[in-house]
Amino acid sequence: MTKDDILRLLTISKSAFVSGEKLALKLNITRAAVWKHIKALEQEGYEIEAVPSKGYRLMSIPDAINLRDIEAAVKTKMIGRKVHLLAEVESTNSAAVEMAAAGAPEGTIVAAEVQTGGKGRLGRTWISPKGNLYLSVILRPKIAPNKAPLVTLMGAVAVVSAIRKQTEVHAQIKWPNDIFSGERKIGGLLTEMRAEPDQVRHIVLGIGLNVNMNAASLPPAVASLATTLSAETGSPVNRTGLLVEIASELDRWYQTFLKNDAEILRAWEAMNMTIGRQVTVSSANETIQGTAEAIDHDGRLVIRTIDGALQAVAAGDVTLVKRGTDTETL
Ligand code: BTN
C-alpha cells in the first residue's frame, strides 16, 4: 500500500524532511500522488509538516490503534483474521485463554490499549500503560506439550522480524523470549497452554512491546533496564502498522514451525544475543553459571559449566555477564 510506504519512509527518516520528489521516485508514483497520500494520512490523524523547498516530515501519529486499518491491511492465512481490540482489559492473555476455551478460532488476536493486570514471566507484573502493544494470539498446534516452548521461540522470531522490518531497530532475542535493543529490554512473550498429557489443546502467545510510552513513567529500577521503540528510533512508531506486521510475521513463522520446527531454532539462533555469552541462570531451585553454548531441539539453553560439563535448562532468569569485568542483569 503506497500510503503505508510513504508513512514508513517518513518514519525511517525520523525528524528530517523527505522531499516529495524522493518519495515519488522511491515509490514510482507522481508527486501529485504523493501529495494525495499525504492528505489521506492527515485525515487519519497523522500530523505532517509540508515545507515547499524541503518536503515532508512526520510530526506526530494518531494515538490509537486503528481496528479498521488492521482489518484492511491483514492479508494473512490465519493469524489476525479476527482481531478483538479492547480499550482496557486486565490481561489480554487471560481474555484470550477464556476465548480459546470457549472455542474461538485459531489465529484470533486479542489486543488492548491498556492492561490493568498485565502478566509477565515468573509471576511478575507487566506494567501496561497507554502507547504500547499488548496482544495475545490463540494457537492450536497439533503437537505434544513438551514442544510448546518452541512456539514461544517462534513468537520471538516473528516479533523480532516484524520490528526489524517496520523500524530501524536491530532487535535481538535474549533466551528464552525477551526482546532487546542493545542491552535494554523492549518487550517479552508469555505463553500459556492448556493440554492433554499427549496433545496441546491451545496455546495463548502473549506479546508485550514497549513502543511509544514515556519510559520515564516506569519505576526507576525498571526504567534503567528497559527502553521503547520510539526512544530507540527517535520518533513515534505506528502501532497499527507494527501490529499488522507482527500478525504477518507470526503467520509466516507459524506455518514454518508446523512444517519443520528445526527452522525456528536456526532463525532463533541467528537473532539471539545469549549464545556465546557468560551467563548465570537462576531458577526456583538452582543457579547455574557458565557459557551459553546452544539451544537444544526442545528450546532449552545448553550451558557449559566451569567444570566443563554440559547442562540444559528449560526455564529461569538469565543474567548476561557484561563483556569486560562487570556483571549486570539484563
Ligand atoms: C515477560 O515477562 O517478559 C513477558 C511479558 C509478556 C507481556 C504480555 S502483554 C500481552 C500479554 N498479556 C499479558 O498479561 N501478558 C502478555
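Trainee: Which element supplies the largest share of the lining of the second largest pocket?

Mentor: In this predicted model, that share comes from α1, with six residues. The second largest pocket holds about 580 Å³ of space. Of the 24 residues that line this pocket, D4, A73, Q166, G241 and V244 are the closest to its centre. Two or more lining residues are given by each of α1 (2-12), α4 (67-73) and α9 (239-259).

Trainee: What makes D4 a lining residue of the second largest pocket?

Mentor: A lining residue must have an atom within 4 Å of a point of the pocket. D4 is listed among the residues that line the second largest pocket, so D4 meets this cut-off.

Trainee: Which domains contribute to the lining of the second largest pocket?

Mentor: Domain 1 (2-60) and domain 2 (67-271) each provide at least three residues. By class, the lining has nine nonpolar, seven polar and eight charged residues.

Trainee: How much space lies in the largest pocket?

Mentor: The largest pocket contains about 760 Å³. Its lining comprises 38 residues, and R124, T125, W126, D178 and K185 lie nearest the centre.

Trainee: Which element gives the most to the lining of the largest pocket?

Mentor: That element is β8, with four residues. Elements that each supply at least two residues include β8 (184-195), α5 (92-101) and β14 (317-320).

Notes
Residues numbered from 1 in each chain as written. Predicted model: local features only at pLDDT ≥ 70, side-chain atom pairs only at ≥ 80, totals over all residues. Heavy atoms only, no water. 1 Å grid on protein atoms, 1.4 Å probe; cavity = no way out; pocket = protein on both sides within 12 Å on 5 of 7 lines; lining within 4 Å. Points joined across faces, edges and corners; volume = space filled by probe spheres on them. Nonpolar A, V, L, I, M, F, W, Y, C, P; charged D, E, K, R; others polar. Domains from an automatic or database assignment.
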